[in-house]
Amino acid sequence: MMNDAHFHLVVTHLPIVGVLVGFLVLLSGYIIKSPQVKTTALGIFIFSALTAIAAFYTGEGAEQIVENLPGISETLIHNHEELAELFFTMMLVLGGASLLTLFLQFKKFPFVKHAFGLVLLLSISCIIISKYVGTTGGEITHIEIRNDANVIQLDSNHDSLDD
């Protein structure tokens with residue numbers, strides 16, 4: 001059975017990977033000049049925005065489970081929360097822009113190409129933010145990826161040499 005932290009870890013990867021896949025699909029749609037491929041990217045972005053909702057709203061339960069574990073830093077959790085809020089907001093904007101673009105394409109508005117351009121730019125922004133939100137989330141429990149991991153390793157090696 002999954003607890004809140006486990007569920008958060010499972011769903012939190014979906015919007016991060018989804019926005020990257022959606023970007024690559026959209027880019028390929030531009031390259032091969034395929035409206036169908038570009039429309040597929042919109043669907044991926046909408047799905048990714050929905051998974052971002054799940055990831056965001058499972059974060060609090062995950063925090064309650066891990067915050068009292070040894071070696072867990074409240075500062076790292078706070079940093080992750082701040083970036084998660086930004087990522088969540090940006091993913092909702094991307095999902096909304098993708099829905100709007102899908103509507104504009106369905107209605108065959110001539111300016112839909114500008115909407116696709118906006119979606120492309122928003123997806124790049126989301127990818128950049130996702131890198132930081134994912135890294136800060138991982139740093140909470142994975143000391144090996146923290147900036148101070150080498151210092152910690154050197155300190156523990158030094159301690160064993162003194163024995």
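Student: How many helices and strands does the protein have?
Tutor: In this predicted model, the protein has five helices and zero strands. Along the sequence the pattern reads α-α-α-α-α.

Student: Is the protein spread out or compact?
Tutor: The radius of gyration is 20 Å, well over the 15 Å that the globule rule gives for 163 residues, so the protein is more spread out than a compact globule. Its C-alpha trace spans about 75 × 30 × 25 Å along the principal axes.

Student: And how many of the residues count as buried?
Tutor: Of the 163 residues, 37% count as buried.

Student: A new topic: how many aromatic pairs are there?
Tutor: A search of the whole structure finds four aromatic pairs. One of them joins Phe 56 and Phe 88, whose ring centres are 4.1 Å apart with the planes at 5°; the pair is therefore stacked.

Student: Which helices hold those two residues?
Tutor: Phe 56 lies in helix α2 (residues 35–66) and Phe 88 in helix α3 (residues 74–106), so the pair ties together parts that are 32 residues apart in sequence.

Student: Is Phe 88 buried or exposed?
Tutor: Phe 88 is buried, with a relative accessible area of 11%. Phe 56, at 27% relative accessibility, counts as partly exposed.

Student: What about Tyr 57 and Phe 88: how are their rings arranged?
Tutor: Their centres are 5.8 Å apart and their planes stand at 85°, so this pair is edge-to-face. Tyr 57 is in helix α2, and the pair links parts of the chain 31 residues apart. At 57% relative accessibility, Tyr 57 counts as exposed.

Student: Which residues do the ring pairs link into a cluster?
Tutor: The cluster consists of Phe 56, Tyr 57 and Phe 88.

Conventions: Residues are numbered from 1 along each chain as its sequence is written. This is a predicted model: local features need pLDDT of at least 70, side-chain atom pairs count only at pLDDT 80 or more; totals for chains, interfaces and linings use all residues. Side-chain values use heavy atoms; hydrogens and water are left out. Helices (H or I, at least four residues) and strands (E, at least two) are DSSP runs, numbered from the N terminus. The radius of gyration is taken over C-alpha atoms; the globule rule is 2.2 Å times the number of residues to the power 0.38. Buried means under 20% relative accessible area, exposed over 50%, partly exposed in between (1.4 Å probe, protein chains only). Rings of Phe, Tyr and Trp (its six-membered ring) pair if their centres lie within 6.5 Å; planes under 30 degrees apart count as stacked, over 60 as edge-to-face and the rest as tilted.
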